[in-house]
Amino acid sequence: MVERANDSVDVAANLAAVDSRIAAAAASANRSVDEVSLVAVTKVHGPERIRPAIKAGHRVFGENRVQEAEEKWPALRAHGDGIRLHLIGPLQSNKVKAAIETFDVIETVDRAKLARRIAAISEEVGRRPEIFIQVNTGAEPQKAGVLPEDTDDLVTLCRDELGLSVLGLMCIPPVDEEPSMHFSLLAKIAARNGLSSLSMGMSGDYDIAVQFGATHVRVGSAIFGERPKPAETT
Ligand SMILES: *Cc1c(COP(=O)(O)O)cnc(C)c1O
């Protein structure tokens with residue numbers, strides 16, 4: 001029975017465990033746990049794995065592909081009031097309209113052209129997402145994100161010129177480096193721009209991220225279990 005695999009993950013228990021680790025990390029950093037929002041990352045997982053999280057009262061979720069979210073979330077949203085969906089994967093210009101219609105928060109704004117398009121289409125459809133600016137803190141050539149030295153200009157463009165609702169900054173540290181130096185760099189860039197939100201930390205390091213000031217941690221596998229390999233679509 002293939003379906004058995006789904007039952008072997010206790011999503012509600014995992015959520016509770018992640019919540020309490022966040023609480024412990026916040027306490028040890030003298031922060032209030034209310035400052036930290038858990039973005040439960042549901043990419044690749046089907047509705048039967050996600051519904052228990054909604055049923056347990058969780059409301060903030062993350063997906064990394066626009067099309068996948070468009071297919072899954074309209075039906076899932078009916079299972080709970082006040083669901084907030086974050087886009088945490090790269091956004092192509094031709095998907096901006098669909099992204100604005102599907103997501104409440106876009107965490108991956110990383111270039112002027114994309115920012116301008118979000119501003120224009122928000123106006124057109126009358127729905128304004130909140131945004132994070134993704135920073136490529138490790139300056140990795142293959143990775144999305146604005147370079148640290150170009151971030152101030154992009155923040156100014158988004159916030160002051162385009163009037164976007166910029167919550168803060170987001171980063172995905174290089175896999176083979178100490179994440180804490182990336183978390184502290186992101187916090188420093190946010191502080192000098194007067195931004196209060198920091199989306200950083202995943203299953204392997206979210207407690208460290210909370211100690212370094214994360215206001216949003218993006219946690220997938222620690223809640224929903226190992227992800228099945230996605231089909232290569234793009
Ligand atoms: C998949 C993903 C996560 C969650 O990763 P886990 O290691 O499963 O917690 C967080 N952030 C981004 C951008 C992701 O794509």
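**Helices 3 and 4.** I looked up how helix 3 (residues 47-55) and helix 4 (residues 66-77) pack, and found an angle of about 40° with their axes 11 Å apart. I noted that helices (H or I, at least four residues) are DSSP runs, numbered from the N terminus. Axes are lines fitted to C-alpha atoms, for helices over the stretch in contact, and angles run from 0 to 180 degrees between N-to-C directions. The model is predicted: local features need pLDDT of at least 70, side-chain atom pairs count only at pLDDT 80 or more, and totals for chains, interfaces and linings use all residues. Residues are numbered from 1 along each chain as its sequence is written, and side-chain values use heavy atoms, with hydrogens and water left out.

Helix 3 and helix 4 are therefore oblique to each other (angles under 35 degrees count as roughly parallel, over 145 as roughly antiparallel, 65 to 115 as roughly perpendicular and the rest as oblique). I then listed the contact (heavy atoms within 4.5 Å): Pro47, Ile50, Arg51 and Ile54 of helix 3 meet Lys72, Trp73 and Leu76 of helix 4. By class, I have five nonpolar, no polar and two charged residues there.

**Helices 6 and 7.** Next I checked helix 6 (residues 112-125) against helix 7 (residues 151-161), which pack at about 15° with axes 10 Å apart. That angle makes helix 6 roughly parallel to helix 7. On the helix 6 side I wrote down Ala112, Ala115 and Arg116, and on the helix 7 side Leu154, Leu157, Cys158 and Glu161. These residues divide into five nonpolar, no polar and two charged.

**Ligand.** Which residues surround the ligand? My list is Val41, Lys43, Ile88, Ile172, Met202, Ser203, Arg218, Val219, Gly220, Ser221 and Arg227. A polar side-chain atom of Ser203 lies 2.5 Å from an oxygen atom of the ligand. For Arg218, a side-chain N or O atom is 2.9 Å from a ligand nitrogen atom. For Arg227, a side-chain N or O atom is 2.8 Å from a ligand oxygen atom.

**Valine 9.** I found Val9 in the loop between helix 1 (4-7) and helix 2 (11-28). Leaving out residues up to four places away in sequence, Val9 touches Asn14, Arg49, Ile223, Phe224 and Gly225. I also looked up Ile223: it is 214 residues from Val9 along the chain, and their C-alpha atoms are separated by 8.4 Å.

Note on methods:
Helices (H or I, at least four residues) and strands (E, at least two) are DSSP runs, numbered from the N terminus. Ala, Val, Leu, Ile, Met, Phe, Trp, Tyr, Cys and Pro count as nonpolar, Asp, Glu, Lys and Arg as charged, and the others, Gly among them, as polar. A residue is near a molecule or strand if one of its heavy atoms lies within 4 Å of it. A polar contact is a pair of N or O atoms within 3.5 Å; within protein, one must be able to donate a hydrogen and the other to accept it, and residues adjacent in sequence count only if both atoms are side-chain atoms.
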